[in-house]
Amino acid sequence: MRSLSRRKLITTGLATTAGVSGLAAAAKIAERHGLIPPDCGGIYGPGETLTYASQRLLTRHSLAREFQRNQISRAPFANGKPPVDPTFKRFEAGGFADWRLAVDGLVARPGSFSLADLRSYPASRQITQLTCEEGWGFIAEWIGVPLHHVLKLAGILPHANYVVYFSAPDRWSDSVDMADALHPQTLLTYGMNGGDLPVPHGGPLRLRVPRQLGYKSLKWVNRLTVTDSLDKFWEGGSYSWYAGI
Ligand SMILES: Nc1nc2c(c(=O)[nH]1)N[C@H]1C(S)=C(S)[C@@H](COP(=O)(O)O)O[C@H]1N2
Ligand SMILES: [Mo]
């Protein structure tokens with residue numbers, strides 16, 4: 001109750017301040033409560049901060065919508081081209097038997113997991129929609145292990161604030177805060193619609209973040225880094241860091 005009314009107070013404060021005296025003032029309130037996204041600078045910074053701070057206060061525990069089996073899209077669209085990276089091609093030729101997910105940074109037990117390791121943990125499935133920022137999307141069943149399960153095995157240290165995740169094959173990376181990293185619907189997926197996750201959709205391993213836009217669901221994930229700051233990891237760019245839907 002106490003934390004709820006505190007949350008309500010901060011959120012109301014943020015919204016009122018944003019309305020009355022501008023986004024920059026609201027951003028100051030957010031800062032006092034540690035609710036600052038890494039893209040808080042620049043012209044869009046105060047807006048990004050207001051979005052992130054209010055979403056975090058209001059929807060930290062909310063669930064992404066789940067669908068019925070008969071709503072699964074018949075012909076899901078795979079965006080872009082599968083990796084041409086020679087190392088990836090070698091893993092693929094070997095049925096990804098040698099694929100590993102490395103976990104490092106602020107964890108008590110850095111190490112790595114094979115796909116067989118990940119498949120041996122309790123599986124979670126969800127029928128959710130992947131929505132691209134360009135407007136298209138599809139509904140699929142995703143099968144995998146909750147990210148929180150793997151993070152707990154690695155032993156996240158108390159000062160962890162973010163999980164950065166990397167795709168070596170196409171040199172992409174992104175990050176989420178601990179609210180999304182530990183969220184029950186955030187999955188390291190190895191299966192889709194009953195089969196193995198197809199390579200064009202991110203196989204053998206994809207981080208599914210169903211509470212955010214499609215670009216946060218990184219394909220071909222092979223490394224996680226737990227960190228207290230994104231200073232060394234967030235390069236900016238045209239996308240918002242927080243893409244809650
Ligand atoms: N590694 C990697 N992950 C990625 C991308 C990418 O180019 N590389 N594109 C993102 C974008 S913009 C979207 S909308 C979705 C598309 O998922 P799909 O290919 O399964 O349709 O993947 C996201 N994950
Ligand atoms: Mo996208």
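## The surroundings of ligand 1

In this predicted model, 20 residues surround ligand 1, and the closest of them are Phe-77, Asn-79, Asp-170, His-201 and Lys-219; a residue is counted here if one of its heavy atoms lies within 4 Å of the molecule. Sorted by class, the shell holds 11 nonpolar, 5 polar and 4 charged residues, where Ala, Val, Leu, Ile, Met, Phe, Trp, Tyr, Cys and Pro count as nonpolar, Asp, Glu, Lys and Arg as charged, and the others, Gly among them, as polar.

An N or O atom in the side chain of Lys-219 is 2.4 Å from an oxygen atom of ligand 1, while Asn-79 places a backbone N or O atom 2.8 Å from an oxygen atom of the ligand, and Ser-217 has a backbone N or O atom 3.1 Å from a nitrogen atom of the ligand. Taken alone, ligand 1 exposes 540 Å², of which the protein buries 94%; such areas come from the Shrake-Rupley method with a 1.4 Å probe, and for residues only the protein chains shown count as cover.

## Salt bridges between separate parts of the chain

The structure holds 10 salt bridges, each being a side-chain nitrogen of Lys or Arg within 4 Å of a carboxyl oxygen of Asp or Glu. One of them joins the side chains of Arg-69 and Glu-141 at 3.2 Å, N to O. Arg-69 lies in the loop between helix H3 (45-59) and helix H4 (86-93), and Glu-141 in strand S4 (residues 137-146), so this pair ties together parts that are 72 residues apart in sequence. Helices (H or I, at least four residues) and strands (E, at least two) are DSSP runs, numbered from the N terminus. Arg-69 is exposed, with a relative accessible area of 54%, whereas Glu-141 is buried at 4%; buried means under 20% relative accessible area, exposed over 50%, and partly exposed in between, with a 1.4 Å probe and protein chains only.

A further salt bridge is formed by the side chains of Arg-223 and Asp-104, at 3.0 Å from N to O. Because Arg-223 lies in strand S10 (residues 223-227) and Asp-104 in strand S1, this pair ties together parts that are 119 residues apart in sequence. Arg-223 is partly exposed at 32% relative accessibility, and Asp-104 is partly exposed at 24%.

## Helix H6 and its buried face

Which residues of helix H6 (residues 147-154) are buried? They are Leu-147, Val-150, Leu-151 and Ala-154. Seen down the axis of H6, these buried residues fall within an arc of 100°, so they line one face of the helix; the arc is that of the directions from the helix axis to the C-beta atoms. An α-helix has 3.6 residues a turn, so residues three or four places apart point the same way. After H6 comes Gly-155, whose phi is positive, near 80°.

Lys-216 is found in the loop between strand S9 (206-208) and S10, and it is buried, with a relative accessible area of 1%. What does the side chain of Lys-216 reach at 2.6 Å? It reaches the backbone oxygen of Trp-241, and a polar contact of 2.7 Å also joins the side chains of Lys-216 and Asp-174.

Gln-126, in strand S3 (residues 124-131), is likewise buried, with a relative accessible area of 3%. The side chain of Gln-126 makes a polar contact of 2.6 Å with the side chain of Thr-128.

Residues are numbered from 1 along each chain as its sequence is written, while chains are lettered from A and ligands numbered from 1 in the order in which they are written. Because this is a predicted model, local features need pLDDT of at least 70 and side-chain atom pairs count only at pLDDT 80 or more, whereas totals for chains, interfaces and linings use all residues, and side-chain values use heavy atoms, with hydrogens and water left out.

Note on methods
Polar contact = N/O pair within 3.5 Å; in protein donor to acceptor, adjacent residues only side chain to side chain.
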